[in-house]
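Hi,

Here is the structure I promised to send over. Have a look at it first, and then read on for what turned up around the ligand.

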Amino acid sequence: MTLTIALSKGRIFEETLPLLAAAGITPAEDPESSRKLIIGTNHPDVRLVIVRASDVPTYVQYGAADLGIAGRDVLIEHGGAGLYQPLDLNIARCRMMVAVQNGFDYDEAVKHGARLKVATKYPKIAREHFARKGVHVDIIKLYGSMELAPLVGLADAIVDLVSTGNTLKANHLSAVEHILDISSRLVVNQAALKLKYATIQPVLDAFAAASADNRE
Ligand code: PRT
Ligand code: MG
């Protein structure tokens, strides 16, 4: 029975390689240099499909992939329908933060009760965060480079992922609130888990054992 695993290029692929190795799976090609979207492995029955990070839950939800790896950010925005999420892999870790331009008085803006303009790729997370705080916001949906928005007057604040903090710093922004800790999780199609249990379970076990090393 063929097992299809959905992964995104870049940090998730890089950090998943050791987990795949622990399960005895070696990709036949490097997606960074290959233009192929379907990549075989040393296992005749295991293939990887390379998709946008935010598309991974969708491929798994509809069963086009049996397994996938996606950030908690992506999973919250997707909603998680049809997905079993058995394992936090503790890879691609970062924090979801609120950030503003240096010198912008965020506490005052929030206290003042005026509507805050918030630019983000994560409207659901942002909306829920400000609703919990009782702050009125206008959410401006962007698809990338949120850091630019406050610099050109598109927004008062951004909700974005931060890992080293270098991108904020380089753009004269500061983090003012920590919303969530983010890491990537294994997601499994619920029907595939039943139908392909014998193939999937050993992969789950290998990933669980290998990812235990990622815990602090
Ligand atoms: O890049 P693309 O638009 O195709 O998709 P993507 O950005 O969703 O994919 P990718 O591969 O960049 O990220 C995949 C997952 O990695 C995300 O869903 C997160 O769960 C996780 N992750 C971990 C991060 C980061 N760290 C991260 N630092 N995703 C994005 N960033 C970006 C952040 O948005 C900001 O622009 O890196 C910048 C900040 O980094 P620092 O180190 O300067 O703070
Ligand atoms: Mg990216």
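Predicted model: local features only at pLDDT ≥ 70, side-chain atom pairs only at ≥ 80, totals over all residues.

β8 gives the most to the shell around ligand 1, contributing three residues.

In total, 21 residues surround ligand 1. R52, D73, T164, G165 and T167 are the closest of them. If you sort the shell by class, you get eight nonpolar, six polar and seven charged residues.

T164 has a side-chain N or O atom 2.6 Å from an oxygen atom of ligand 1. For D73, a polar side-chain atom sits 2.7 Å from a ligand oxygen, and for D160 the corresponding distance to an oxygen atom of ligand 1 is 3.0 Å. On its own, ligand 1 would expose 820 Å², and the protein buries 78% of that.

As for where all this happens: the space ligand 1 takes up is the largest pocket. Which domains give residues to the shell around ligand 1? Both domain 1 (3-92 + 183-215) and domain 2 (94-182) do, so the ligand lies between them.

Cheers

Conventions
Residues numbered from 1 in each chain as written. Chains lettered and ligands numbered in written order. Heavy atoms only, no water. Near = heavy atom within 4 Å. Polar contact = N/O pair within 3.5 Å; in protein donor to acceptor, adjacent residues only side chain to side chain. Areas by Shrake-Rupley, 256 points an atom, 1.4 Å probe, with all protein chains shown as cover. 1 Å grid on protein atoms, 1.4 Å probe; cavity = no way out; pocket = protein on both sides within 12 Å on 5 of 7 lines; lining within 4 Å. Sits in = over half its atoms within 2 Å of the grid points. Helix = DSSP H or I, 4+ residues; strand = E, 2+ residues; numbered from the N terminus. Nonpolar A, V, L, I, M, F, W, Y, C, P; charged D, E, K, R; others polar. Domains from an automatic or database assignment.
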